[in-house]
Amino acid sequence: MKTPILSLVAALLLGVIQVDAQCTQKVAECNDVLAGFERLEGKYYRSELFPYEFARLKLTFYHDKVYRLAPCGQSKAGSPLIFNLYDKAGILVFSSKDDPKPHYDFACGVTGYFTLVAGYEQGGGCAAILFGQLDHEKAAARPDITPRKF
């Protein structure tokens, strides 16, 4: 009886390790879009999502920074990772659904608190959001940065 249970546990662990490795590889491919930006906390945020499941993340955007968000992932059904950004009152201020791109730049007139909700329209899979920031002066010197302002 112990052998089938141990086999099941080993199979589950190998599956988790494989999924984690695939997610790590996908994030490594997405890192280029943050070139020149300071990585926020030196990390990215990721989650393994099931179909119709969403990840939520609380964010603070400071008024003197430009932020780059890079949704990184693709569902097993081939859907791109979509995220919505809501302000403190729960009002939608941005959605990547209608304009899928490798990254999005944002700037706030005042420091603001936001909730990011990310997920897939079809299927599930690894979902990661990479964050970077730049001072406004540095961002203004780069013609490739045109942040959405709110």
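The part that I have in mind is Phe114 in strand β7, and the request is taken up below: which residues does Phe114 touch?

A: This is a predicted model, in which local features need pLDDT of at least 70 and side-chain atom pairs count only at pLDDT 80 or more, whereas totals for chains, interfaces and linings use all residues. Residues are numbered from 1 along each chain as its sequence is written, and side-chain values use heavy atoms, with hydrogens and water left out.

The setting comes before the residue. Of its 150 residues, 35% are buried, where buried means under 20% relative accessible area, exposed means over 50% and partly exposed lies in between, for a 1.4 Å probe and protein chains only. Among contacts (heavy atoms within 4.5 Å) with a separation of 6 or more, 83% join residues 24 or more positions apart.

Strand β7 spans residues 112-119 and holds Phe114. This strand belongs to an open sheet of four strands with antiparallel pairing, in the order β2-β7-β4-β5, two strands counting as paired if DSSP finds at least two bridges between them. The edges of the sheet are β2 (54-61) and β5 (92-95), each of which has a single partner strand, so that one side of each is left without a neighbour in the sheet. On average, neighbouring strands here are turned by 20° against each other, direction ignored; the axes are lines fitted to C-alpha atoms, for helices over the stretch in contact, and angles run from 0 to 180 degrees between N-to-C directions. The antiparallel pairing of β2 with β7 runs over eight bridges, one of which joins Phe54 to Gly119 in β7.

Phe114 itself has a relative accessible area of 8% and is therefore buried. Leaving out residues up to four places away in sequence, Phe114 touches Leu57, Lys58, Leu59, Phe61, Leu85, Tyr86, Asp87, Val93, Cys108 and Phe150. For one of these, Leu59, the C-alpha atom is separated from that of Phe114 by 5.1 Å, although the two residues are 55 residues apart along the chain.

Leu85, another residue in touch with Phe114, has contacts of its own beyond four places in sequence: besides Phe114 they are with Leu59, Phe61, Ile91, Leu92, Val93, Phe94, Phe106, Thr115, Leu116 and Phe150. Leu85 is also one of the residues with the most contacts inside the largest nonpolar core, together with Phe61, Leu69, Phe83, Phe106, Leu116 and Ile129; the core has 19 residues. A nonpolar core here is a set of buried Ala, Val, Leu, Ile, Met, Phe, Trp, Tyr and Cys residues joined through side-chain atoms within 4.5 Å. Two or more core residues come from each of β2, β3, β4, β6 (104-107), β7 and β8 (125-135). A second, separate core of eight residues includes Val33, Leu34, Ala70 and Cys72. In soluble globular proteins, nonpolar side chains tend to be buried together.

With 30% relative accessibility, Phe150 counts as partly exposed, whereas Phe114 is buried. Ring pairs link Phe114 and Phe150 with Phe61, Tyr67, Phe83, Phe94, Tyr104 and Phe106 into a cluster.

Key
Rings of Phe, Tyr and Trp (its six-membered ring) pair if their centres lie within 6.5 Å; planes under 30 degrees apart count as stacked, over 60 as edge-to-face and the rest as tilted.
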